Amino acid sequence: MDFYNYIRDIQDFPSDGITFKDITPLLKDKDALKAATEEMLRLIGEVEVDKVVGMESRGFFFAPLLASKLNAGFVPVRKPGKLPFQRVSKTYALEYGHDTLEIHADSISKGEHVLIHDDVLATGGTAKATCDLVEALGGVVVQCNFLLELKFLEGSKKLNGYSIKSLLQY
């Protein structure tokens, strides 16, 4: 299946000069959704996974599906103030400013094998902050998995040393 046909470019969203990669055409097509999930599972291969971590918000689409197929737990990483229990936070730099992510302090146990999943690898800041959170809790990041990667933004450089897999590359 040619998954590129299910990704729509939206010009000047969320701001002027940005071309947003809209994955909703893929999500709404039952065959494309199922096939993309299966292909991302193939990217994982035989790696042992105890938990799948998905980042707010579009990482929540595939991460629970992958966790279910891998017989693993799902852990959400969210923006501040959205998780109700004890949290660990990580603030990281953006191109213009800073952002913060949080994870429940009891969501990952020492030594657990963790797959990080998000829809897009862009500049790599969100993924790197998530890796840092997982490692702060004692987890071992076994792979960073993405539906698509915007290679021209060189986000993989921030993830140097981690296994990175993406279904689509732009």
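This is a predicted model: local features need pLDDT of at least 70, side-chain atom pairs count only at pLDDT 80 or more; totals for chains, interfaces and linings use all residues.
**Entry 1: the cores**

I looked up the largest nonpolar core first. It has 24 residues. Leu26, Val49, Val52, Leu148 and Leu167 have the most contacts inside it. At least two residues each come from α2 (30-44), α3 (59-69), β7 (113-121), β8 (140-149) and β9 (164-169). Helix α2 gives the largest share, five residues.

I picked Leu167 and listed its contacts, leaving out residues up to four places away in sequence. Leu167 touches Phe3, Ala36, Glu39, Met40, Leu43, Phe146 and Leu147.

I also found another core, apart from the largest one. This other core has 22 residues, including Val114, Ile116, Cys144 and Tyr162.

**Entry 2: helix α4**

I turned to α4, residues 125-136. The helix has 12 residues and reaches 16 Å from its first C-alpha to its last. That is close to the 16 Å expected at 1.5 Å a residue.

Which residues of α4 are buried? I noted Gly125, Ala127, Ala129, Thr130, Cys131, Asp132, Leu133 and Val134. Their cover includes the strands β3 (51-55), β4 (73-77), β5 (87-94) and β6 (97-104). β7 and β8 are also part of that cover. After α4 comes Gly138, with a positive phi near 95°.

**Entry 3: aromatic pairs**

I counted three aromatic pairs, taking ring centres within 6.5 Å as the cut-off. I wrote up two of them.

Tyr4 and Tyr170 have ring centres 5.3 Å apart. Their planes stand at 75°, and over 60 counts as edge-to-face, so this pair is edge-to-face. Tyr4 is in the segment before β1 (8-11), while Tyr170 is in the segment after β9. The pair therefore ties together parts that are 166 residues apart in sequence.

Phe60 belongs to helix α3 and Phe74 to strand β4, so the pair ties together parts 14 residues apart in sequence. Phe60 is partly exposed, with 24% relative accessibility. Phe74 is partly exposed, with 32%.

**Entry 4: a charge over a ring**

I went back to Tyr170 and asked what sits over its ring. The charged end of Lys21 does, 4.0 Å from the ring centre.

Terms used: Residues are numbered from 1 along each chain as its sequence is written. Side-chain values use heavy atoms; hydrogens and water are left out. A nonpolar core is a set of buried Ala, Val, Leu, Ile, Met, Phe, Trp, Tyr and Cys residues joined through side-chain atoms within 4.5 Å. Buried means under 20% relative accessible area, exposed over 50%, partly exposed in between (1.4 Å probe, protein chains only). Helices (H or I, at least four residues) and strands (E, at least two) are DSSP runs, numbered from the N terminus. Contact means heavy atoms within 4.5 Å. The expected span of a helix is 1.5 Å times one less than its number of residues. Rings of Phe, Tyr and Trp (its six-membered ring) pair if their centres lie within 6.5 Å; planes under 30 degrees apart count as stacked, over 60 as edge-to-face and the rest as tilted. A charge sits over a ring if NZ of Lys or CZ of Arg is within 6 Å of the ring centre and within 35 degrees of the ring normal.
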